[in-house]
Amino acid sequence: MRTRLSTFAAGFLLLAGIGAAAAQDVIIAPEKETVIREYVKKQPLASVKIPGIELNIGSTLPDTVELHEVPDTEYRYVVVDNRTVVVDPGTRKIIKIID
């Protein structure tokens, strides 16, 4: 009986942690995403390499990477390994990858 209860408690805590992590995701409004996509197409940047960084949503870019402003939004962008990434400037976390 105790084993079942412990397994249930562990599973519940795992699911609660996943839910909390998902709640922290940044969701870009569709109209803002359109503005971002159009802007980065018109303002292409040279691609940079960042050794040791995986390009995933939630990855944090180092302070050495220059972020570029997207007018009329609170977001920044940079091109890494030929992929445009949208970044939250406050946390420097990748919030969107535009291929």
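Leaving aside neighbours within four places in sequence, R92 is in contact with S59, T60, L61, P62, D63, V65, L67 and V87. Contact here means heavy atoms within 4.5 Å. The model is predicted: local features need pLDDT of at least 70, side-chain atom pairs count only at pLDDT 80 or more, and totals for chains, interfaces and linings use all residues. Residues are numbered from 1 along each chain as its sequence is written, and side-chain values use heavy atoms, with hydrogens and water left out.

R92 sits in the loop between β3 and β4. Strands (E, at least two residues) and helices (H or I, at least four) are DSSP runs, numbered from the N terminus. R92 is buried, with a relative accessible area of 15%. Buried means under 20% relative accessible area, exposed over 50%, and partly exposed in between (1.4 Å probe, protein chains only). The side chain of R92 reaches the backbone oxygen of V65 at 2.5 Å. It also makes a polar contact with the side chain of D63, at 3.5 Å. A polar contact is a pair of N or O atoms within 3.5 Å; within protein, one must be able to donate a hydrogen and the other to accept it, and residues adjacent in sequence count only if both atoms are side-chain atoms.

R92 and D63 also form a salt bridge, with the closest N and O atoms 3.5 Å apart. A salt bridge is a side-chain nitrogen of Lys or Arg within 4 Å of a carboxyl oxygen of Asp or Glu. D63 lies in the loop between α2 and β1 and R92 in the loop between β3 and β4, so the pair ties together parts 29 residues apart in sequence. D63 is exposed, at 69% relative accessible area, whereas R92 is buried.

S59 is found in the loop between α2 and β1 (68-69). At 16% relative accessibility, S59 counts as buried. Beyond its neighbours within four places in sequence, S59 is in contact with E54, R92, K93 and I94.

I94 in turn touches L55, N56, I57, G58, S59, L61, V85 and V86, not counting residues up to four places away in sequence. I94 belongs to the largest nonpolar core, which has eleven residues in all. Such a core is a set of buried Ala, Val, Leu, Ile, Met, Phe, Trp, Tyr and Cys residues joined through side-chain atoms within 4.5 Å. A second, separate core has nine residues, including I28, Y77, V86 and I95.

Y77 also takes part in the one aromatic pair of the structure. A pair of aromatic rings is described by the distance of the centres and the angle of the planes. Rings of Phe, Tyr and Trp (its six-membered ring) pair if their centres lie within 6.5 Å; planes under 30 degrees apart count as stacked, over 60 as edge-to-face and the rest as tilted. The ring centres of Y39 and Y77 are 6.1 Å apart and the planes stand at 90 degrees, so the pair is edge-to-face. Y39 lies in helix α2 (residues 30-42) and Y77 in strand β2, 38 residues apart, and the pair links these distant parts of the chain. Y77 is buried, with a relative accessible area of 2%. Y39 is partly exposed, at 25%.

Across the whole structure, a search finds four salt bridges. In one of them, the side chains of R37 and E33 meet at 3.1 Å, N to O. These residues are four apart in helix α2, so they are separated by about one helical turn. R37 is partly exposed, at 33% relative accessible area, while E33 counts as buried, at 18%. The side chains of K49 and D81 also meet in a salt bridge (3.4 Å, N to O). K49 is exposed, at 71%, and D81 is partly exposed, at 34%.

The chain as a whole holds two helices and four strands. Along the sequence, the pattern reads α-α-β-β-β-β. Of the 99 residues, 26% count as buried.
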